[in-house]
Amino acid sequence: MRLAAWSAAFVLGVAAALSLDFVPGKAVAAAAFWTLAGSAALLMAAIAVRGGRTAALLAPLGVLLFAGALLGGRELGSRDRAVPAGAPAAPGEAVVEGVLLEDPAPAAGGARLRLRVEAVYAGGERHEARFDAAVFADRLAAPPSSARPLDGFRYGDRYRVQGRWRPEDHRAGLFAGSLFAKEAVLTGEDGGNAVRRRVAGLRQRMFDSIRRAVGGDAGALSAAMVVGDRRGISPELTEAFQKAGTAHLLAISGMNIALVGGMALAAGAVLIGRRWQVYLLVPLMAIWGYGALAGF
């Protein structure tokens with residue numbers, strides 16, 4: 001019963017935050033919502049300090065409700081994108097510099113990168129910018145001192161890319177435009193969040209280790225199923241899985257999460273015991289950790 005109540009509190013927090021998008025007077029409604037959410041969290045924290053059976057239920061309820069509200073508010077904020085600053089208005093050749101915001105996705109033998117552009121070069125001059133662009137690059141050009149493989153794109157990298165620019169209506173999607181290039185030049189590795197950079201580095205090392213240990217299409221398939229990285233899978237293998245109706249096996253899905261969660265649940269029950277349900281924290285942390293490793 002407690003787990004159902006806690007889950008409902010988290011979902012309610014997410015839904016309440018997202019519902020602000022449909023409320024007239026959005027700014028006022030948002031301020032009122034966050035005031036109420038914060039007050040509720042503080043009230044439940046105060047009750048938790050007093051202790052007792054009621055506190056054991058209400059304290060997690062307050063935390064999960066507020067966590068859900070934060071998650072929903074973050075998603076809502078990502079929808080309110082301002083007009084891209086400095087994005088080229090016309091198609092043509094363009095040179096940009098920016099930070100990779102997400103793990104790359106395979107695309108036509110190369111990779112699709114979500115780049116937060118910080119500078120655009122025009123007429124030999126550097127102009128400050130801030131917008132998201134979809135970059136389609138065939139390969140990575142890393143400095144000689146770097147040990148990065150050709151497909152070694154990862155979160156937090158800084159790239160300089162020259163290619164063919166195609167603008168898009170920023171209101172219609174996530175990107176201000178798309179840039180098609182043969183290569184993206186690695187210029188730094190210090191962008192983005194430090195924790196996410198470390199997770200991305202771990203994922204890259206696991207990907208490389210699996211590919212070296214297994215090799216070929218089998219190694220690429222193993223890497224995709226373990227860490228969710230499908231860059232090594234050839235178009236021919238992808239097409240074969242699609243024809244067989246088993247393409248879902250190439251992505252991290254409920255099956256992977258169930259395996260990780262099930263093993264962690266069993267380990268937690270053995271190591272901690274089933275008293276007070278504390279052992280449930282083990283699969284919870286394992287699932288979120290695995291989700292982070294797989295790039296969510």
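## A charged network

E128 is exposed, at 60% relative accessibility. Exposed means over 50% relative accessible area, buried under 20% and partly exposed in between (1.4 Å probe, protein chains only). The model is predicted: local features need pLDDT of at least 70, side-chain atom pairs count only at pLDDT 80 or more, and totals for chains, interfaces and linings use all residues. Residues are numbered from 1 along each chain as its sequence is written, and side-chain values use heavy atoms, with hydrogens and water left out.

E128 forms a salt bridge with R126, the closest N and O atoms being 2.7 Å apart. A salt bridge here is a side-chain nitrogen of Lys or Arg within 4 Å of a carboxyl oxygen of Asp or Glu. R126 is partly exposed, with a relative accessible area of 42%. Both residues belong to a network of salt bridges that also links E97 and R160.

E97 and R160 meet through their side chains in a salt bridge (3.2 Å, N to O). E97 lies in strand β1 (residues 92-100) and R160 in strand β5 (residues 158-167), so the pair ties together parts 63 residues apart in sequence. R160 is partly exposed, at 34% relative accessible area.

E118 and R158 form another salt bridge (2.8 Å, N to O). E118 sits in strand β3 (residues 110-122) and R158 in β5, so this pair ties together parts 40 residues apart in sequence. E118 is partly exposed at 28% relative accessibility. R158 is partly exposed too, at 25%. The salt-bridge count comes to 12.

## The chain as a whole

The chain has 8 helices and 6 strands. Helices (H or I, at least four residues) and strands (E, at least two) are DSSP runs, numbered from the N terminus. The order from the N terminus is α-α-α-β-β-β-β-β-β-α-α-α-α-α.

Buried residues make up 33% of the 296 residues. The chain exposes about 17,000 Å², and carbon and sulfur atoms supply 63% of that area. Accessible areas come from the Shrake-Rupley method with a 1.4 Å probe; for residues, only the protein chains shown count as cover.

## Helix α8

From its first C-alpha to its last, α8 reaches 18 Å, close to the 18 Å expected at 1.5 Å a residue. The expected span is 1.5 Å times one less than the number of residues.

Its buried residues are P283, Y290, G291 and L293. They cover an arc of only 160 degrees around the axis, which puts them on the same side of α8. The arc is that of the directions from the helix axis to the C-beta atoms. Their cover includes α4 (194-214), α5 (216-227) and α7. The face turned away from the buried side carries the exposed residues M285 and W288. Just after α8, G295 takes a positive phi of about 80 degrees.

## A nonpolar patch

M285 and W288 also belong to a nonpolar surface patch, together with V270, L271, I272, W276, V278, L281, L284 and F296. The patch has about 1,200 Å² of accessible area. Patches are made of residues with over 30% relative accessible area and no salt bridge: like charges are joined within 9 Å, nonpolar side chains (Val, Leu, Ile, Met, Phe, Trp, Tyr) within 5 Å.

The largest share, 4 residues, comes from α8. W276 is placed in the loop between α7 and α8. W276 is exposed, with a relative accessible area of 67%.

Definitions and conventions. Contact means heavy atoms within 4.5 Å.
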